[in-house]
Amino acid sequence: MLICGGSFAGLAVGRELAGSGADVLLIDRYEIGERQTSACGIPTGWLEALDLQRSLQQTFGELVIHTPYTTVRYRLPWTFSTFDYRTLCEALADQGAFTFETAKVDGRTGRIVHTDRGDIRAGVIVDALGWRRVLGAGSNVQPPDALLSRGLEVHPHGSGSDMEIWIDRSYVPAGYGWSFPAADELRIGVGSFDPRYHVRESTNRLATDLDAENVRYQGNWIPHALRNATEDGLFFAGDSAGHCLPLTAEGIRTALYFGLAVGRELSDVIGGRRSVPEALSSYSRFSASHARAFEWMLRCQRLVPRVAPPLLAGALHAMESKRFLDWAFGHYLEIAHPRFVAAGQRPAPVAVPVPG
Ligand SMILES: Cc1cc2nc3c(=O)[nH]c(=O)nc-3n(C[C@H](O)[C@H](O)[C@H](O)COP(=O)(O)OP(=O)(O)OC[C@H]3O[C@@H](n4cnc5c(N)ncnc54)[C@H](O)[C@@H]3O)c2cc1C
């Protein structure tokens with residue numbers, strides 16, 4: 001088996017194959033944990049469920065949202081944490097059982113994956129290579145036409161006690177800015193739902209407004225629409241399958257979640273409990289069963305930038321009640337809940353509750 005991509009999704013697949021007896025090769029162009037791919041914020045429950053607490057840097061019980069007209073402070077029904085990317089990846093890799101090699105994947109012909117270190121033939125191939133979906137069939141959709149957002153952040157030294165969000169058109173017409181403290185570092189960035197809108201100047205300005213330095217840039221495209229989770233006999237997990245949630249651009253826990261799902265399907269294949277075609281079809285159904293939740297989030301992503309800022313301020317205050325926050329954030333977590341880590345061997349095609 002060949003897993004391409006050694007970040008959240010790929011490492012989650014590898015974790016689930018531990019003990020299965022499978023012969024697994026995992027490849028990435030960088031060493032595991034070498035290149036941070038995000039602000040590394042995640043519901044704390046995911047770190048606990050996967051026993052990755054040693055990567056935890058800072059925990060937040062509240063979300064602070066700034067708009068030009070108001071600031072709200074939401075008490076969350078669950079906590080959110082920032083983590084150290086390298087530590088998390090190494091800890092997750094330790095839980096897996098695979099051989100790791102660095103190689104840059106260039107493409108694929110049938111069951112042969114072409115890399116800068118030669119061709120690799122494999123019976124089962126997983127693309128966990130991120131938004132480019134390098135191993136997809138046919139020509140790839142590229143930005144700005146693809147359903148992608150763009151995000152860029154800086155990582156200055158500094159500290160803070162709040163996880164903060166800015167919904168402010170002076171930074172980005174459609175999107176948001178953020179500051180996630182992580183121990184002795186701040187992760188300050190701006191994401192635009194419109195891929196044509198460049199966010200470098202906005203990111204610099206937000207950091208400057210927060211008296212932080214514009215140093216250590218990290219940015220990427222962020223998918224905001226589901227894509228087929230299987231294609232041409234391959235499994236796709238994480239950003240390669242568009243598993244990042246629209247509106248919030250939270251894609252780590254979903255990459256882990258769908259990566260675990262692929263790993264469980266493949267364990268069943270190794271154990272002789274299902275064939276590869278059965279595993280492909282089961283995983284494809286599982287991913288598609290989340291479509292309503294993703295579409296609902298996408299509708300919110302399209303709606304929020306259209307709401308007049310004074311109205312948005314009123315709406316954010318209207319949502320401050322504990323009852324509403326517990327309900328809304330409860331449903332939001334449910335889309336990829338940490339209880340999935342301990343839940344059985346195989347993804348049941350669950351009906352994902354959609355906030356109404
Ligand atoms: C600025 C920014 C901040 C973000 N902050 C958050 C956040 O705080 N919380 C959150 O939940 N989500 C966040 N996201 C989204 C999140 O980063 C992604 O959804 C998540 O990383 C997807 O995980 P993945 O494993 O699918 O892909 P990636 O994490 O993108 O991993 C892909 C892996 O494939 C490797 N790779 C890629 N191409 C090749 C190739 N050709 N050959 C070999 N290897 C290759 C890469 O080196 C990498 O290791 C953020 C995104 C951005 C851009």
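**P223.** I started with P223, which counts as buried because its relative accessibility is 3% (buried is under 20% relative accessible area, exposed over 50%, partly exposed in between, with a 1.4 Å probe and protein chains only). This is a predicted model, where local features need pLDDT of at least 70 and side-chain atom pairs count only at pLDDT 80 or more, while totals for chains, interfaces and linings use all residues. Residues are numbered from 1 along each chain as its sequence is written, and side-chain values use heavy atoms, with hydrogens and water left out.

P223 sits in strand β15, residues 217–223 (helices are DSSP runs of H or I with at least four residues, strands runs of E with at least two, numbered from the N terminus). I listed the contacts of P223, leaving aside neighbours within four places in sequence: W131, L147, L148, D239, G242 and C244 (contact means heavy atoms within 4.5 Å). I also checked P223 against R274: they are 51 residues apart along the chain, and their C-alpha atoms are separated by 31 Å.

**Ligand.** I found 33 residues around the ligand, and the closest are S7, D28, G41, V105 and D239 (a residue is near if one of its heavy atoms lies within 4 Å). Then I went through some polar contacts, meaning pairs of N or O atoms within 3.5 Å. D28 puts a polar side-chain atom 2.5 Å from a ligand oxygen. V105 uses a backbone N or O atom, 2.8 Å from a ligand nitrogen. For G251, a polar backbone atom is 3.0 Å from an oxygen of the ligand.

**Cysteines.** I looked for disulfides (cysteine sulfur pairs within 2.5 Å) and got zero. For C4, the nearest cysteine sulfur belongs to C89 and is 16 Å away. C4 has 0% relative accessibility, so I count C4 as buried. For C300, the nearest cysteine sulfur is that of C244, 15 Å away. C300 is at 18% relative accessibility and therefore also buried.

Last, I checked the length: α7 has 13 residues (291–303) and should span 18 Å, which agrees with end C-alpha atoms 18 Å apart (the expected span is 1.5 Å times one less than the number of residues).

Notes: A polar contact is a pair of N or O atoms within 3.5 Å; within protein, one must be able to donate a hydrogen and the other to accept it, and residues adjacent in sequence count only if both atoms are side-chain atoms.
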